[in-house]
Amino acid sequence: MSIRTLITEDSITALRALEIKLSEFPEVVIKGTVNNGQEALDFLSKNHRIDIVFMDIEMPVMNGIQATEIIKQKYPQIKIIIITMHDADHYVFDAIKAGADSYILKDTKADKVFETILDTQNGGAVMSPSIAQKTLSFLRGSSFSGHVSEDESPQLSDRESEILEQIMKGLTNKAIADNLFISPFTVKRHIENIYKKLHAHNRVELLHKANKKKFLG
């Protein structure tokens, strides 16, 4: 089954590098390439049958964070993978709060980019390991105003706790499955259960609630 993608990137060099990586995987079909967030919106207004949008952050006319927020409001079914050179805190949190599903760096290897596509397409959320660690550090030292109900005391199973720990390392579903000797489908099911138990709607909220409930060491 084809995974229809749109690449939003103003750097010709970075665009070509991503195209080369994606060309290794016949399942991934590039339906279009655009130079900024506004062009992405224009493209989607005419063809919103897109599964994945790769979104750079710093672009002229409209940046990737603004575009992500609008796309998620108009087309919530479309998954957005931020792919950028930036792992600065404000970029990370602004992008995730805008609704980005996954956040990886441009130097990510081709096979990891493909794993990110598959995980994101299946409802997962992937972060490069350095991004995941920055997120956890931020949440541990902040008063992030996520929707946390203090009277809730969800209980995670031992396996769910193991998987939550793996998520915090920024691992893909496949990597988690390999580490724990279970199938990617089982990992996906456990992650869905973790989200439900913690009443989380995105990765930042999940990590914040896990930190609040002392599931993270």
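The model is predicted, so local features need pLDDT of at least 70 and side-chain atom pairs count only at pLDDT 80 or more, while totals for chains, interfaces and linings use all residues. Residues are numbered from 1 along each chain as its sequence is written, and side-chain values use heavy atoms, leaving out hydrogens and water.

Begin with the entire chain selected. It has 10 helices and 5 strands, taken as DSSP runs numbered from the N terminus (helices H or I, at least four residues; strands E, at least two). Of its 217 residues, 51% are buried, that is, under 20% relative accessible area with a 1.4 Å probe, protein chains only.

Next, select Lys 112, Met 127, Pro 129, Gly 170 and Thr 172. Of the 13 residues lining the second largest pocket, these lie nearest its centre. A pocket is an open set of points on a 1 Å grid over the protein atoms alone, where a 1.4 Å probe fits, with protein on both sides within 12 Å along at least five of seven lines; lining residues have an atom within 4 Å of a point. The space in this pocket is about 160 Å³, a volume filled by probe spheres set on points joined across faces, edges and corners. Now highlight helix H5 (residues 110-121), which gives the most to this lining, with 3 residues.

Finally, move to helix H9 (residues 184-198) and select His 190. His 190 counts as buried because its relative accessibility is 12%. Show Arg 159, Glu 160 and Ile 163 as well: His 190 touches these residues, not counting those up to four places away in sequence, where contact means heavy atoms within 4.5 Å.

Terms used. Buried means under 20% relative accessible area, exposed over 50%, partly exposed in between (1.4 Å probe, protein chains only).
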